[in-house]
Amino acid sequence: MKKLVLALLLAVLSFGMVNAADTLNPTPTPKDVINNGKIKIGISVPTADHGWTGGIVWWVKKAISDWEKIDPNVEFILTTSANPAAQVSTVEDMMIQEIDALVILPHDSAPLTPVVEEAKNAGIYTVVIDRALTKDISDVYIAGNNPGLGKVSAEWLAKELGGKGKVVGMGGIPCVIDKERNDAFKEVMAKYPGIEILDYQPANWSTQKGLELMENYLQKFDQIDAVFCQDDDVLVGVLQAYEESGRDDVKIIMGGAGSKLVIKKIMDGDKLVRSTVTYPPSMAATAVSLAVYGLRNERLNGFYQSKIPSKVVLAAELITKDNAAEYYVEESVY
């Protein structure tokens, strides 16, 4: 009898150890995510009006495709909107279709907050990407590290310049996240008295605006040692203007977000474009997965709390030639 009890005890302990290992498995498998209950998730993002938002749409579609392969019980509705008013209408329409969760990257925080709050009050699980609402009402918020992008960029740039030089800068669309990036950049640069910021203007995260601003800077300033664009789409316009000018004084042109085009330039050893800082559009794909897990009240693998995190801030990672290949996704549009 004692031998039988001991054998049973060892079997129970062995079973517990196996399941503990399974719980910490960082790679989800179908048995981890498939649930008997069917769920419907609505996804609302801006129209792909520039490279980064194009990346958002691409990564959302990838997440939908990946989930559909492993979980037939999840249904997705994806909409893109050209402006805030259109996005409000699409969210209202998805509510009529009785979605269980809403994943949204707001066109603009203020006009989208009321309709997302309406969805939340109707019991719809909400995941907000990147542009925070004016009220803290979402179940989950995921974004890149905006102050981190400005800080990491400035630290690398100051080091590359040896603490001396004349710099021009370009921001995005004037908004909270843009201000966070700009303030952090300028705060670091203030520690280097040998570095002079000649001018800093909004470029609206636009290639065309970057081109126009750089043309103006080149006419206005006889010497420019470095350009901080804050965005890789803007960098494309800046680079075009500089190449067409015939000047040879600029040593560094630095963007941000980690576009496929810029990462490839870094990998190929471009003399002007030698680094960028991540602000990955793949966060949209992660948001889709967080909606599935959160809606089903499932833990993340290896996460011991019963709920998934309510706020996820992704690290601002410096990309240089040493690690660029790790960030290059050939099939991505951005």
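Guide: Four elements each supply at least two residues of the lining of the largest pocket: the strands β5 (140–144) and β11 (311–314), and the helices α6 (146–160) and α7 (176–189). Helices (H or I, at least four residues) and strands (E, at least two) are DSSP runs, numbered from the N terminus. This is a predicted model, in which local features need pLDDT of at least 70 and side-chain atom pairs count only at pLDDT 80 or more, while totals for chains, interfaces and linings use all residues. Residues are numbered from 1 along each chain as its sequence is written, and side-chain values use heavy atoms, with hydrogens and water left out.

About 580 Å³ of space lies in this pocket. Of its 28 lining residues, S109, R131, C175, V176 and I177 are the closest to the centre. A pocket here is an open set of points on a 1 Å grid over the protein atoms alone, where a 1.4 Å probe fits, with protein on both sides within 12 Å along at least five of seven lines; lining residues have an atom within 4 Å of a point. The volume is the space filled by probe spheres set on the points, which are joined across faces, edges and corners.

By class, the lining has 13 nonpolar residues (Ala, Val, Leu, Ile, Met, Phe, Trp, Tyr, Cys and Pro), five charged (Asp, Glu, Lys and Arg) and 10 polar (the others, Gly among them).

The protein as a whole has 11 helices and 12 strands. Its average pLDDT, the predictor's confidence in each residue from 0 to 100, is 88, and 89% of the residues score at least 70.
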